[in-house]
Amino acid sequence: MAAVIAGAGLLQPEAATGAPAGPHSGPRATAPDAHAVTYPLDCKGAPQTVTATAEGDLDGDGRPETVAAVRCEAGSGTPPHAIYVLTRDKAEGAPPRVVATLLDTARRQTATDLTIRDRTVTASLLGYSGPEVPRCCPDKKQLAKWLWSGGKFRQELTDSGPGSV
């Protein structure tokens with residue numbers, strides 16, 4: 001028994017390096033900076049505002065993407081959001097770029113609770129059941145999920161009824 005205990009003391013795990021284990025070992029890539037991008041969003045001269053971001057490896061290449069909820073900055077009201085996916089080319093110092101639009105402002109929705117988990121982007125989308133609903137007070141809520149599959153994002157929506165926000 002003493003020999004087993006002494007032998008166990010000689011066997012030590014390798015020192016921790018902080019590098020991720022697996023096929024994508026090496027320096028860890030950083031996610032693109034959502035504030036370093038000009039978005040394809042026409043704000044008619046008003047500034048663009050990034051209201052939420054989430055980071056994660058959506059396509060499984062070992063490099064994280066950034067998902068950004070962006071809207072025009074308005075003095076009042078609730079301007080609609082667009083949701084964009086950003087990536088960075090492998091070249092050293094390459095700037096981030098928009099590679100996909102998940103939500104367009106034409107849908108007139110506001111995005112909240114933006115997350116990435118298990119290669120899936122999730123957001124709560126607030127909207128309006130009709131034109132008579134004041135733009136200050138969305139009355140419709142959807143849970144939206146986007147999953148990278150087959151070279152494109154596939155969207156799933158779960159609706160909540162009017163008046164449920």
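Is Q109 buried or exposed? In this predicted model, Q109 is buried, with a relative accessible area of 9%.

**View A. Four strands, in the order 1-2-3-4, form an open sheet with antiparallel pairing.** Strand 1 (48–56) and strand 4 (96–103) stand at the edges; each has a single partner strand, so one side of each lacks a neighbour in the sheet. From one strand to the next, the twist averages 30°.

**View B. Strand 1 and strand 2 (residues 65–72) run antiparallel and are joined by eight bridges.** Within this pairing, A54 has V67 of strand 2 as its bridge partner. In a regular strand, side chains alternate between the two faces of the sheet.

**View C. Strand 5 and strand 6 form a hairpin.** Strand 5 spans residues 110–117 and strand 6 spans residues 120–127; six bridges link them in the antiparallel sense. R117 is paired with T120, its bridge partner in strand 6. Two residues lie between the strands, and D118 in the turn has a positive phi of about 55°.

**View D. Q109 lies in the loop between strand 4 and strand 5.** Its relative accessible area of 9% falls under the 20% limit, so Q109 is classed as buried. The side chain of Q109 makes a polar contact with the side chain of R107 at 3.1 Å, and another with the side chain of Q142 at 2.8 Å. Leaving aside neighbours within four places in sequence, Q109 is in contact with P80, H81, L103, L125, L126, G127 and Q142.

Note on methods: Residues are numbered from 1 along each chain as its sequence is written. This is a predicted model: local features need pLDDT of at least 70, side-chain atom pairs count only at pLDDT 80 or more; totals for chains, interfaces and linings use all residues. Side-chain values use heavy atoms; hydrogens and water are left out. Two strands pair if DSSP finds at least two bridges between them. Axes are lines fitted to C-alpha atoms, for helices over the stretch in contact, and angles run from 0 to 180 degrees between N-to-C directions. Buried means under 20% relative accessible area, exposed over 50%, partly exposed in between (1.4 Å probe, protein chains only). A polar contact is a pair of N or O atoms within 3.5 Å; within protein, one must be able to donate a hydrogen and the other to accept it, and residues adjacent in sequence count only if both atoms are side-chain atoms. Contact means heavy atoms within 4.5 Å.
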